[in-house]
Every structure is written in structure tokens, then in C-alpha cells.
Amino acid sequence: MTQNILILKGDGIGPEIVDEAVRVIRVVDQKYNLGTRLSEALIGGAAYDAHGNPLPGETMTQAMAADAILLGAVGGPKWNHVDAAQRPEKGLLGIRAGLGLFANFRPAILSPQLADASSLKHELVSGLDILIVRELTGGIYFGEPRGIRTLKSGEREGFNTYRYSESEIRRIAHVAFQAARKRNGRLCSVDKSNVLEVTVLWREVVEQVATEYPDVELSHMLVDNAAMQLVRAPKQFDVLLTGNLFGDILSDVAAMLTGSIGMLPSASLDINNKGLYEPVHGSAPDIAGQGIANPLATIMSVAMMYRYTFNREDVASSIEGAVSRVLDKGMRTADIANDTASVSTKEMGNAVIAELG
Ligand code: NAD
């Protein structure tokens with residue numbers, strides 16, 4: 001079976017880090033005889049410069065045809081003056097919505113070798129391994145009506161609408177229960193059911209779905225407490241299930257527990273496990289073009305691609321194992337170097353490839 005992967009390098013450090021990840025894809029393709037077919041298209045600022053549109057029709061057509069998509073990052077100060085509708089970030093939101101990528105997976109794993117990079121005490125984070133499953137195409141970011149209007153008094157008012165239908169809650173809950181089943185069997189659903197009706201329904205539907213997963217232990221937590229617990233005792237969590245807004249915030253908190261944003265991968269999946277894989281970080285314009293960006297988040301996004309879209313746990317673990325051994329050997333890009341000598345983006349890619357053997 002052919003594995004069609006679309007490569008979207010994007011802007012800033014995007015091309016540099018994606019180049020290393022593509023080399024990893026080519027190596028595992030050879031080693032495991034995967035039948036990989038790569039194609040490439042433009043997104044974000046690069047697409048705006050070439051076509052006046054951050055998500056050209058041709059890119060969307062290629063994305064629909066692909067089995068999986070690997071994305072670098074989009075955006076940068078160069079496009080700050082551009083009309084809001086044509087900003088690079090719109091390309092990313094457009095592709096997520098256009099492909100129905102409703103399930104966002106953000107693991108926060110602290111590599112033991114990097115425990116000192118965390119802002120929390122070693123004992124609180126050492127061995128940390130959390131997965132946040134965030135609903136990505138609904139909730140208050142998409143709810144209508146929305147806008148800024150002028151009231152009769154002449155004062156302006158901003159308004160958004162927070163909605164979730166039962167079916168939207170049910171499908172993300174199934175994804176989270178299935179993920180928990182493959183891990184340590186514990187799922188904590190985050191809501192604000194003491195104040196928001198939307199999340200009263202959220203809690204009710206999650207309880208219903210739970211009856212189909214008797215092997216998974218379900219708990220509920222209010223979002224304010226979840227934020228506190230994430231920095232107080234993060235290791236109590238296995239899988240966290242959240243709506244779009246709460247997940248946006250909590251996943252950034254979880255990211256910082258691990259110390260380096262350059263280490264964190266993510267996946268956004270549709271109902272058939274087709275996925276868009278990308279590092280959590282942005283286009284890092286401050287270091288773009290210098291060849292010093294950390295490619296490991298992108299390389300580990302490739303591992304997630306083999307795990308979730310292609311169902312190849314063996315390939316995923318071999319990539320993650322290679323990254324871990326490279327860290328064991330002391331290889332560090334500048335962002336995780338902590339005053340020790342650092343290697344370039346390409347040297348880090350070379351080291352991972354050498355370990356993949
Ligand atoms: P950022 O994640 O790009 O950078 C934050 C800091 O982390 C910077 O100091 C940067 O140098 C560093 N950093 C990030 N990735 C790194 C890596 N791989 N290796 C080493 N250091 C790394 O966030 P920002 O500065 O707030 O945003 C810059 C641009 O990226 C903006 O235009 C923003 O809209 C965009 N952005 C895009 C995405 C995406 O494409 N998914 C996500 C976030 C931000």
C-alpha cells in the first residue's frame with residue numbers, strides 16, 4: 001500500500017526543520033519498505049507571496065488526496081501588514097477546518113535527559129507523560145453569532161457563542177477513551193459545569209460514552225482546578241479530554257512543563273485517522289535561516305504520523321528510540337543546550353538518522 005504524504009514546509013524555520021524530518025521519512029521508508037510517495041505544496045506566508053492566498057486551492061486539493069500531511073509552521077512579521085483574512089495563520093485554520101481535523105493530540109512527555117529544562121522541580125516532572133486530547137473544530141472559536149457591535153447607547157460590545165452539539169462531544173470523547181485504552185487507562189474530562197451549560201451537556205455525554213469503555217477510569221475536573229493541578233502535581237494525569245478553548249490554554253501549560261517547545265509534536269486527526277502532523281511551536285522568525293532550530297518536535301511528529309495514521313507502532317517507536325539515544329549522547333540544539341555546546345539543525349538530523357541505522 002502506498003503512503004501518500006504531503007509536505008507543507010511553511011515559513012520561518014519551517015523549511016529547515018521539515019527538511020530533517022523528510023530525511024527521516026526517507027530512511028524509514030527504505031528500512032521498512034513502506035512505499036512512501038511524497039508531494040509538496042505551499043501554505044502560509046510562502047503561499048501568500050506566490051499566490052496571494054495562504055491556502056491556495058491547489059494545496060487544499062493535494063491535502064484532500066494525501067493520507068497524511070507534515071507541516072512546519074506558518075507566519076512571521078513579514079506578513080503583519082497583510083489583511084486579516086489573508087494572514088498566514090488563516091491557512092492553518094483553513095486546512096484544519098477543511099479536512100475536518102476535529103481531534104488534536106498533544107503529548108507532553110518529559111525526556112528524562114531534559115528534566116532540568118523544566119520550570120518545575122525535578123521530582124514533580126521526571127517521567128511526565130500526559131496526552132491532551134483537544135476538540136479542534138468546534139466550541140467558542142467557531143460558534144455563531146460572533147462579532148463586535150455598537151449598542152443603542154453608543155458603546156461597543158464584543159460577543160462570541162459557545163456551542164457544542166451532542167454528536168461533536170460524543171466523537172471527541174470516543175477518540176479520548178480509545179487513546180486512554182492504549183495508554184494507562186485513565187481519562188480526566190475537563191469542563192466548567194458549575195457555570196457553563198455547554199459543559200453540563202459535555203459532562204453528561206462523556207458519562208454516556210464512558211459506559212462503552214468500562215476498562216477506562218473516568219474522572220471530571222473543573223478547568224480552573226485542572227490548570228492548578230497541572231502545575232501542582234502533573235503526573236496524576238494520563239489522558240486529559242478538553243474542548244477547544246480549554247485545551248488551547250491547558251496544552252500550552254503542559255508544554256512548558258517539559259521545558260522546551262522545540263521538543264513537542266502534535267497530531268490533528270479526522271474521523272478516519274487521516275492526520276495533519278506538526279510541531280507545537282511556531283515559525284520562530286528570530287532564529288529562521290540560521291540553521292540552529294531544533295528539528296526534534298517535527299521528527300517526533302513524524303513518529304506520531306506512523307503511530308496514528310499508518311498504524312505502525314514499530315516505526316513510531318524506532319524514531320522515538322533514535323531521538324532518545326541522541327539525547328542520551330548529549331546532542332543538544334541551542335534551545336535545550338543549557339550552556340553546553342550545541343549542534344546545528346542538520347547535525348541533529350544527521351545524528352537521528354545515524355541512530356535509525
Ligand atoms: P514561536 O513558537 O515561533 O517561538 C517562540 C520562541 O521559541 C522563540 O524564541 C523561538 O526562537 C523559540 N523556538 C520555537 N521553535 C523552536 C525550535 N524548533 N528550535 C529552537 N527554538 C524554537 O512563537 P512566536 O514567536 O509567538 O510566533 C512566531 C510566529 O509563528 C508568529 O507569526 C505566530 O503566529 C506563528 N505561529 C505559528 C504556529 C503554527 O504554525 N502552528 C504556532 C504558533 C505560532
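**Close-up views of a predicted model**

**View 1. In helix H6, Glu168, Ile169, Ile172, Ala173, His174, Val175, Ala176, Phe177, Ala179 and Ala180 are buried.** Buried here means under 20% relative accessible area, exposed means over 50%, and partly exposed lies in between, with a 1.4 Å probe and protein chains only. The model is a predicted one, in which local features need pLDDT of at least 70 and side-chain atom pairs count only at pLDDT 80 or more, whereas totals for chains, interfaces and linings use all residues. Residues are numbered from 1 along each chain as its sequence is written, and side-chain values use heavy atoms, with hydrogens and water left out. Helices (H or I, at least four residues) and strands (E, at least two) are DSSP runs, numbered from the N terminus. The cover over the buried residues of H6 includes strand S4 (103-109), S5, S8, H7, S9 and S10.

**View 2. An open sheet of 10 strands runs in the order S2-S1-S3-S12-S11-S4-S5-S10-S8-S9, with mixed pairing.** Its edge strands, each pairing on one side only, are strand S2 (36-41) and strand S9 (217-222), and the twist from one strand to the next averages 20°. Two strands are taken to pair if DSSP finds at least two bridges between them. Strand S3 (residues 68-73) pairs with S1 in the parallel sense over 5 bridges; Ile7 stands opposite Leu70 in S3, and Leu6 has Ile69 of S3 as its bridge partner. S3 also runs parallel to strand S12 (residues 275-279), to which 3 bridges join it, and here Leu70 stands opposite Tyr277 in S12. S3 is mostly covered, with 6 of its 6 residues buried.

**View 3. Gln3 lies in strand S1 (residues 3-10).** Gln3 has a relative accessible area of 6% and is therefore buried. Leaving aside residues up to four places away in sequence, Gln3 touches Leu34, Gly35, Thr36, Arg37, Asp67, Tyr306 and Phe310, where contact means heavy atoms within 4.5 Å. A separation of 12 Å lies between the C-alpha atoms of Gln3 and Arg312, which are 309 residues apart along the chain.

**View 4. Helix H7 (residues 197-210) lies across strand S5 (129-135), strand S8 (186-191), S9 and strand S10 (239-242).** H7 runs at about 170° to S9; axes are lines fitted to C-alpha atoms, for helices over the stretch in contact, and angles run from 0 to 180 degrees between N-to-C directions. Helix H8 (residues 223-232) also packs on the sheet, where it touches S5, S8, S9 and S10, and its direction makes about 100° with that of S9.

**View 5. H8 packs against helix H9 (residues 244-257) at an angle of about 10°, with the two axes 10 Å apart.** H8 and H9 are therefore roughly parallel to each other, given that angles under 35 degrees count as roughly parallel, over 145 as roughly antiparallel, 65 to 115 as roughly perpendicular and the rest as oblique. Val223, Ala226, Ala227, Leu230 and Val231 of H8 make the contact with Phe246, Leu250, Val253 and Leu257 of H9. These residues divide into 9 nonpolar, no polar and no charged, where Ala, Val, Leu, Ile, Met, Phe, Trp, Tyr, Cys and Pro count as nonpolar, Asp, Glu, Lys and Arg as charged, and the others, Gly among them, as polar.

**View 6. Helix H1 (residues 14-32) is followed by Asn33, whose phi is positive, near 55°.** The 19 residues of H1, at 1.5 Å a residue, should span 27 Å, and the end C-alpha atoms are 26 Å apart, which agrees. The buried residues of H1 include Ile17, Val18, Ala21, Val22, Val24, Ile25 and Val28.

View 7. Most residues other than glycine have a negative phi, and most peptide bonds are trans.

Conventions
The expected span of a helix is 1.5 Å times one less than its number of residues.
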